[in-house]
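Keep the sequence and the coordinates at hand while you read.

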Amino acid sequence: MENELEVVNIRLVKEPSLYSEQTLDSPQAVVELMAKELLQYDREVFCILNMKNNGQVINMNLVSVGTINASLVIPREVFKSSILANASAIIGLHNHPSGNVKPSKEDMIVTRKLQKCGQLLGIELLDHIIVGGTNGKMLSFREEKMLNVTGRMDWER
């Protein structure tokens, strides 16, 4: 038929769990939860934790696998799982295989873009955390006051 309109179904498909149900009460707790996942990559990866209104983690989505020093982060891909999971907030994480956790110019731009898009969608970016290679170093945009956040997290109570 010439004027046929396709009907699509969009749904969240849950994968087997990778993580414990530990409480995230600090950026360090977030890193502990995600360290095994992030440290296995020899290139940059960007993932998000989709969060409930009460601060509990709903799920994790690996958004992008990049090169040794860059990862393509598109807001559409970041927020796709957040919308499907009915998340009220997200925490972004990515690794720097070099071990240097200093944010790049691109990291700063992506963070601001995700924050603005989240504000439009009603899904707040609570933090963006960089994990350094296998050296255990981390940088929280929130702790470093590089992120203007209105939502509270457990470690602020």
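**Exercise 1.** In this predicted model, work out in which order the five strands form the open sheet, and which are the edge strands.

*Solution.* Reading across the open sheet, the five strands come in the order β2-β1-β3-β4-β5, with mixed pairing. The edge strands, each of which pairs on one side only, are β2 (57–65) and β5 (138–140). Neighbouring strands are turned against each other by 20° on average, direction ignored. Turning to one pair, β1 and β3 run antiparallel and are joined by six bridges, and Phe 46 stands opposite His 94 in β3.

**Exercise 2.** Identify the residues that touch the most other members of the largest nonpolar core.

*Solution.* This core has 34 residues, of which Leu 49, Val 78, Ile 91, Leu 93 and Leu 114 touch the most other members. At least two core residues come from each of α1 (27–39), β1 (45–51), α2 (75–84), β3 (89–96), α3 (105–121) and β4 (124–132). Beyond its neighbours within four places in sequence, Leu 49 is in contact with residues including Val 30, Met 60 and Ile 91.

**Exercise 3.** Decide whether Thr 111 is buried or exposed.

*Solution.* Thr 111 belongs to helix α3. Because its relative accessible area is 2%, and buried means under 20%, Thr 111 is buried. A polar atom of its side chain lies 2.7 Å from the backbone oxygen of Asp 107. Not counting residues up to four places away in sequence, Thr 111 touches Leu 125, His 128, Phe 141 and Leu 147.

Note on methods. Residues numbered from 1 in each chain as written. Predicted model: local features only at pLDDT ≥ 70, side-chain atom pairs only at ≥ 80, totals over all residues. Heavy atoms only, no water. Core = buried A, V, L, I, M, F, W, Y, C linked by side-chain atoms within 4.5 Å. Buried < 20%, exposed > 50% of the residue type's maximum accessible area, 1.4 Å probe, protein only. Helix = DSSP H or I, 4+ residues; strand = E, 2+ residues; numbered from the N terminus. Contact = heavy atoms within 4.5 Å. Polar contact = N/O pair within 3.5 Å; in protein donor to acceptor, adjacent residues only side chain to side chain. Pairing = 2+ DSSP bridges. Axes fitted to C-alpha atoms, helices over the stretch in contact; angles between N-to-C directions.
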